[in-house]
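Here is a protein to look around in, one piece at a time. Keep the sequence and the 3D view open while you read.

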Amino acid sequence: MKRAGGKLFIQQRPAGADNFKLFVQEQGVSRVLIDPTTLSGATSHMSLDWWQPSADGSHVAYGLSKDGSEDSILHVLSVADGRDLPSASPTPRPPTRSGSMTAQASSITS
């Protein structure tokens with residue numbers, strides 16, 4: 001659980017769920033921000049490895065990995081609409097397993 005910009009960010013695995021999800025609560029209303037289950041396929045499994053809200057709570061940097069690899073791919077989403085920001089480069093974002101999440105996130109949102 002983390003607070004940022006008047007919002008509360010909570011990672012939970014609801015009863016019966018296959019995966020952890022990230023929720024945001026603002027003014028007493030909760031909604032799902034990240035649900036890796038929606039990205040999983042019949043033969044693959046996505047997991048939310050880590051997440052960090054911006055200081056003002058307007059964005060969340062997070063890492064998703066496929067099939068338990070723990071080789072997270074960095075994503076940054078807008079909390080207002082729940083959509084990922086476009087990549088800063090035409091190449092995929094690098095795995096964040098041994099990299100600095102803060103440095104990579106700031107390069108994408110700059």
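## A walk through the model

Let's start with a single side chain: that of Asn19 comes within 2.5 Å of the backbone oxygen of Met46. That is a polar contact, meaning a pair of N or O atoms within 3.5 Å; within protein, one must be able to donate a hydrogen and the other to accept it, and residues adjacent in sequence count only if both atoms are side-chain atoms.

Before going on, a word about what you are looking at. This is a predicted model, where local features need pLDDT of at least 70, side-chain atom pairs count only at pLDDT 80 or more, and totals for chains, interfaces and linings use all residues. Residues are numbered from 1 along each chain as its sequence is written, and side-chain values use heavy atoms, with hydrogens and water left out.

Back to Asn19. You'll find Asn19 in the loop between strand 2 and strand 3. Is Asn19 buried or exposed? Asn19 counts as buried because its relative accessibility is 6%; buried means under 20% relative accessible area, exposed over 50%, and partly exposed in between, using a 1.4 Å probe and protein chains only. Its side chain also has a polar contact of 3.5 Å with the side chain of His45. Setting aside neighbours within four places in sequence, the contacts of Asn19 (contact means heavy atoms within 4.5 Å) include Gln12, Pro14, Pro36, Thr37, Ser47 and Leu48.

Now step back for the overall layout. Helices (H or I, at least four residues) and strands (E, at least two) are DSSP runs, numbered from the N terminus. Of the 110 residues, 36% count as buried. The accessible surface comes to about 6400 Å², with 51% of that belonging to carbon and sulfur atoms; such areas come from the Shrake-Rupley method with a 1.4 Å probe, and for residues only the protein chains shown count as cover.

Four of the strands make an open sheet in the order 1-2-3-4, with antiparallel pairing. At its edges are strand 1 and strand 4 (29–34), each of which pairs on one side only. Two strands pair if DSSP finds at least two bridges between them. In general, strands of a sheet pair through backbone hydrogen bonds, either parallel or antiparallel.

Let's cross that sheet strand by strand. Strand 1 (residues 2–4) pairs antiparallel with strand 2 (residues 7–12) over three bridges, and Lys2 has Phe9 in strand 2 as its bridge partner. These two strands form a hairpin with two residues between them, and Gly5 in the turn has a positive phi of about 55°. Next, strand 2 runs antiparallel to strand 3 (residues 21–26), joined by five bridges. Another five bridges join strand 3 to strand 4, again antiparallel.

Leu8 and Gln25 let you follow this on individual residues. Leu8 lies in strand 2 and stands opposite Gln25 in strand 3. Their C-alpha atoms are separated by 5.0 Å, although the residues are 17 apart along the chain. Gln25, in turn, has Ser30 in strand 4 as its bridge partner. Leu8 is buried, with a relative accessible area of 9%. Beyond its neighbours within four places in sequence, Leu8 is in contact with residues including Met1, Arg3, Phe23 and Val24.

Ser65 sits in strand 6 and is buried, with a relative accessible area of 2%. Its side chain has a polar contact of 2.8 Å with that of Asp49. Apart from neighbours within four places in sequence, Ser65 also touches other residues, among them His45, Met46 and Ser47.

Asp67 belongs to the loop between strand 6 (59–66) and strand 7 (73–78). Asp67 counts as partly exposed because its relative accessibility is 47%. Not counting residues up to four places away in sequence, Asp67 touches Thr43, Ser44 and His45.

Finally, how far can you trust the picture? The mean pLDDT, the predictor's confidence in each residue from 0 to 100, is 83, and 79% of the residues reach 70 or more. Over residues 98–110 the pLDDT is below 50, and that stretch has 19 contacts in the model beyond near neighbours in sequence.
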